[in-house]
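Dear colleague,

I am passing on the structure that we talked about, and below it you will find some notes on what was found. Please read them with the model open beside you.

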Amino acid sequence: MKGDVFKSATIIKVLAFALLSIAFFYFGKHWSDGSQQLVFFNSRQESSPVINPTNPTSQFVSISPNFNKSFDLSSIINDTTVPEKQQKSPENSVSRSAEVALSPPPPPPPSVQRMGVLDENGVMNNEFEVGDFDPEVVDNWGVGNETEVVEDDGVGFNRFRVKKYGLCPASMREYIPCLDNVEAISKLKSTERGEKFERHCPEKGKGLNCLVPPPRGYRAPIPWPKSRDEVWFSNVPHARLAEDKGGQNWILIDKDKFKFPGGGTQFIHGANQYLDQIEKMLPEIAFGHHVRVALDIGCGVASFGAYLLSRNVLTLSVAPKDVHENQIQFALERGVPAMVAAIATHRLLYPSQAFELIHCSRCRINWTRDDGILLLEVNRLLRAGGYFVWAAQPVYKHEAALEGQWEEMVNLTTRLCWNLVKKEGYIAIWQKPLNNSCYLSREEGTQPPLCDLHDDPDDVWYVDLKACITRLPEEGYGANITAWPSRLQYPPDRLQSIQVDSFLSRKELFRAESKFWKEIIGSYVRAWHWKKFKLRNVMDMRAGFGGFAAALIENQLDCWVLNVVPVSGQNTLPVIFDRGLLGVMHDWCEPFDTYPRTYDLLHANGLFSIEQKRCNMSTIMLEMDRILRPGGRVYIRDSVGVMDELQDIGKAMGWHVTVRDTSEGPHASYKILTCDKHLLRA
């Protein structure tokens, strides 16, 4: 009985195996017909074997029917539906195979323009292009803005993080916080001396807390040197200056651009001709050698300074935000050094003996008012032996009122011990004395008096103008500077007047800083290809002795640098100007006096770890965003302790941020935060 059951089970297994074999045979035969052949090999010899002459035994191997045929794989993949008649017709199959075999190979893929720093193998590539910023990169930024604030943590200062800053209203696209404070200006007791054009910053807690938007249609600025002569209309969309000054050859509108013919109110035939005339009148001026740093007061669109750049003269162009409020904005858009500033009731933010030449062409300033207090400020800023160039109607017009103004000017400059060295046509040139001997030999009671011996002529932050003559240093500091370009690396005498907490000599510190930045900038140029960047307007936010700016010059980067000396540190501005560079005093807990979108590169070395004790880092970062152009870059070199918060703030403003190691390696106490600003639109 058990044997029968065993036999029955065996029979069932055999039958099941047989049925499966028949099924597999049927499906194999079906899928191996003429239209859907499988590629396989077996040990049976076909009726028409293909023999390999080099290996006779190969005749026992069957060859796939697809042997020696070319196929267009893309057409096979894409053409998934085959007509029914074609499937059943051997003739169609042969014809299709012939067509495929004769078809040309597919074209090569289009070449890809590489925009990154890595090649296809992941290796850093020295030859790459940096693409222009995409105006569509961050659209609708202001939608869904949320702010998360952490209140005072009891340490003594506020810290807060934000998820995303929103865009400011479109009416703020040219907002300068300390010059557009309507509430504070309306409360001024008097405006007759130009007080409304000076700084009136928002109160604490009422500062900028949003991102200043660009004008509609904003474009990447035209690069220097082409920008000297033309800029995009959409970037500074204001036609009033062109309408008011069109006949004086300042500025013209040509389709979608502003163009600058190089003229001015007193030099409508061009700045170059005007500069030639000045140098011909007084060859000792020697632009680019004896005169390296100049100041143009009431500069218009800064053509005077723009054309002096080709003569190796750095000119800081200043003007108030008055009825022609966009003149400084035009200057900066052109790529010319400029700041919004007014001589009214406070000292300008530059040190004594800063400029070898100060120029005023129809600048609408009454130099003799209030005992000559405004010209006394010019005297403070003018280097010993420097020149004051005045081109105005009182110089050449013979009208009673104008002749009276000329007499007042001559009388005042004589009491200042200035020497009228040349008067020709509509230009008058005075020279400041080299020392105090003339001042001390004046008759007793002569006005204006000498300033008090304890007056610091380099103290400028919110310091009132003084109706007195600034004394020159008895040691001759400021007068004994070398000619350009050797003065860039020569330690000036005024190093000795800088209070430095160090056992090293000041000259050693000066040389060490210069060497440090020369090496750092050299590495930036090599590793990050700075010469390919469109850097023109650069700001060093904590400048020291100006080593960063000097290194840019030595690396032949075609840009200019505004060296900012924070009020929280030592006043090194005199040294910066003695080197032939430009600088300004500033407190980074307050906004800076410039238009939005005016700098291509902002550099900050050790700024935040110092200033975090005095003000929020987000306050400084928002101000940086305001003055930085879309497509601009930020390099922050600072301690590891502040990097996380700086990253968070940068991301909240829409910047692309990356933390990098310094040359000291990954365990160094300093890191570098590199940031790129995108164009944000509501």
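M624 has its place in helix 18, which covers residues 617-627; helices here (H or I, at least four residues) and strands (E, at least two) are DSSP runs, numbered from the N terminus. Please keep in mind that this is a predicted model, in which local features need pLDDT of at least 70 and side-chain atom pairs count only at pLDDT 80 or more, while totals for chains, interfaces and linings use all residues. Residues are numbered from 1 along each chain as its sequence is written, and side-chain values use heavy atoms, with hydrogens and water left out.

M624 is buried, because its relative accessible area is 0%, and buried means under 20% relative accessible area, computed with a 1.4 Å probe on protein chains only. Leaving aside residues up to four places away in sequence, M624 touches M541, L602, F608, V634, I636 and W655, where contact means heavy atoms within 4.5 Å.

Helix 19 is followed by G654, which has a positive phi near 90°.

In helix 9 (residues 327-334), eight of the eight residues are buried, so that this helix is mostly covered. Just after helix 9 comes G335, with a positive phi of about 95°.

**The largest cavity**

Six cavities of 30 Å³ or more are found in the structure, and the largest cavity holds about 90 Å³ of space. A cavity is a set of points, on a 1 Å grid over the protein atoms alone, where a 1.4 Å probe fits but cannot get out, and its lining residues have an atom within 4 Å of a point; grid points are joined across faces, edges and corners, and a volume is the space filled by probe spheres set on the points.

Among the residues that line the largest cavity are L167, P213, R597, D625 and H678. The lining divides into eight nonpolar, one polar and three charged residues, where Ala, Val, Leu, Ile, Met, Phe, Trp, Tyr, Cys and Pro count as nonpolar, Asp, Glu, Lys and Arg as charged, and the others, Gly among them, as polar.

With best wishes

Technical notes: Buried means under 20% relative accessible area, exposed over 50%, partly exposed in between (1.4 Å probe, protein chains only). On a 1 Å grid over the protein atoms alone, a cavity is a set of points where a 1.4 Å probe fits but cannot get out, and a pocket is an open set with protein on both sides within 12 Å along at least five of seven lines; lining residues have an atom within 4 Å of a point.
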